[in-house]
Amino acid sequence: MSTALTILRRAALAALLPAFVATTTAPLGAQGTAARHSDISVHWLGHAAFEVVSAGGTRMLIDPFLTGNPTTPDSLKKLTRYSGALKPAAILVSHSHFDHVQDAKAIATSSGAKVIGPYELVASLGLPEAQAVGASPGGSIKVGDVTVHVVPAMHSSEPGRPVGFVLEFADGRSIYHTGDTWLFGDMSLIQELYHPSIILLCVGGGPYTEDPKSAALAVRKYFHPTTIVPMHYATFPGLATAAEVRAAFAGDKRVVIMTPGQTRQF
Ligand SMILES: [Zn+2]
């Protein structure tokens with residue numbers, strides 16, 4: 001089967017399937033395992049922190065706020081975990097705030113991983129040049145079998161400007177990590193360019209970002225994902241609660257509510 005035909009078959013199957021396909025799911029269709037997605041692993045570390053592993057084994061750590069994160073399970077707070085066999089190929093940081101970048105430098109130093117994020121922010125970390133990958137919206141960086149696209153976010157950052165990331169995988173699917181943001185019209189261009197299939201969606205609200213209702217509106221207006229994973233809520237007082245998030249997305253079968261420490265395969 002040609003690569004293009006394989007991708008088309010996978011896209012057709014994805015449209016027919018529920019929001020996610022677990023690794024334990026039985027082979028699908030007449031082609032059996034040949035017609036399945038290669039799994040993408042999404043591990044929520046709490047708040048906006050995720051570990052994403054591609055089908056090819058490329059491991060990426062996004063917004064590592066772990067040691068000070070009240071929702072991160074203790075076993076995942078030990079930074080030595082991220083410098084051994086689970087070393088990331090890259091650490092992605094969306095902006096300068098402590099709840100996104102706090103452990104990035106320590107993990108980069110102990111693991112040797114590259115750090116990808118806003119140019120001025122990455123430059124301020126004092127990492128060796130080979131590890132510092134400063135980027136801006138519109139930029140793309142190849143990491144193993146994944147292409148990381150840098151997209152805008154409407155928030156603040158000092159130094160640098162805030163960003164989000166779209167991780168594009170070899171099978172044509174992509175994950176959009178919104179970073180911290182308000183909904184904004186250029187999300188339509190993120191959809192047009194990268195058509196994210198999975199959105200790790202900031203919903204925390206409070207004084208900081210889009211809240212559950214406006215985040216749900218952003219998805220309705222701009223995106224057509226198969227899966228929505230709400231994040232950046234219920235970490236601190238003042239952020240949206242889990243009940244508020246469930247209410248805002250009630251009836252949307254694409255929503256996958258994860259718990260910190262949980263891993264899902266898509
Ligand atoms: Zn934040």
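This is a predicted model: local features need pLDDT of at least 70, side-chain atom pairs count only at pLDDT 80 or more; totals for chains, interfaces and linings use all residues.

Student: What percentage of the residues is buried?
Tutor: The cut-off for buried is under 20% relative accessible area. The chain has 266 residues. Buried residues make up 52% of them.

Student: How many helices and strands are there, and what share of the contacts joins residues 24 or more positions apart?
Tutor: The chain holds eight helices and 13 strands. For the contacts, take those with a separation of 6 or more. Residues 24 or more positions apart account for 59% of these.

Student: Now the metal. Which residues coordinate the zinc ion?
Tutor: The distances run from 2.1 to 2.3 Å.

Student: Why is the arrangement around the zinc ion called irregular?
Tutor: Four donors count as tetrahedral if all angles lie between 85 and 135 degrees. The ideal tetrahedral value is 109.5 degrees. Around this zinc ion the four donor atoms make the arrangement irregular, because they subtend angles of 91 to 170 degrees.

Student: How are the donor residues spaced in sequence?
Tutor: Read the donors of the zinc ion in sequence order. The spacing is D-H-x79-D-x51-H.

Student: Which parts do H100 and D180 tie together, and how far apart are they in sequence?
Tutor: H100 lies in helix α3, residues 98-101. D180 sits in the loop between β10 (174-177) and α6 (187-194). The pair therefore ties together parts whose separation in sequence is 80 residues.

Student: Are H100 and D180 buried or exposed?
Tutor: H100 has 0% relative accessibility, so it counts as buried. D180 has 3%, so it also counts as buried.

Student: Where is H47, and which residue makes a polar contact of 2.6 Å with its side chain?
Tutor: H47 is in the loop between β1 (41-46) and β2 (49-53). H47 is buried, with a relative accessible area of 1%. The polar contact of 2.6 Å is between the side chains of H47 and T235.

Student: What separates the C-alpha atoms of H47 and T71?
Tutor: H47 and T71 are 24 residues apart along the chain.

Student: Which residues of α4 are buried, and why do they line one face?
Tutor: In α4, residues 104-111, the buried ones are A104, I107, A108 and S111. Seen down the axis, they fall within an arc of 100 degrees, so they line one face of the helix. In an α-helix, residues three or four places apart point the same way. The elements that this buried set packs against are β3, β4 (90-92), α3 and β5 (114-118).

Student: Which residue just after α4 takes a positive phi?
Tutor: Look just past the end of α4. The phi there is about 80 degrees, and the residue is G112.

Student: Which residues of α6 are buried, and what covers them?
Tutor: The buried residues are M187, I190, Q191 and Y194. They cover an arc of only 100 degrees around the axis, which puts them on the same side of α6. On the other side, E192 and L193 are exposed. The cover includes β8 (146-152), β9, β10 and α7 (212-222).

Student: Which residue joins its side chain to R59 by a polar contact?
Tutor: R59 is found in strand β3, residues 59-62. R59 is buried, with a relative accessible area of 18%. The polar contact is 3.4 Å, and the partner is E51.

Student: Which residue joins its side chain to R173 by a polar contact?
Tutor: R173 is in the loop between β9 (163-168) and β10. At 13% relative accessibility, R173 counts as buried. The polar contact is 2.9 Å, and the partner is D171.

Note on methods:
Residues are numbered from 1 along each chain as its sequence is written. Side-chain values use heavy atoms; hydrogens and water are left out. Donors are N, O and S atoms within 2.8 Å of the metal (3.2 Å for Na, K and Ca); water is not among the atoms, so sites may look incomplete. Four donors count as tetrahedral if all angles lie between 85 and 135 degrees; four count as square planar and six as octahedral if opposite donors are over 155 degrees apart and all others between 65 and 115; anything else is irregular. Helices (H or I, at least four residues) and strands (E, at least two) are DSSP runs, numbered from the N terminus. Buried means under 20% relative accessible area, exposed over 50%, partly exposed in between (1.4 Å probe, protein chains only). A polar contact is a pair of N or O atoms within 3.5 Å; within protein, one must be able to donate a hydrogen and the other to accept it, and residues adjacent in sequence count only if both atoms are side-chain atoms. The arc is that of the directions from the helix axis to the C-beta atoms. Contact means heavy atoms within 4.5 Å.
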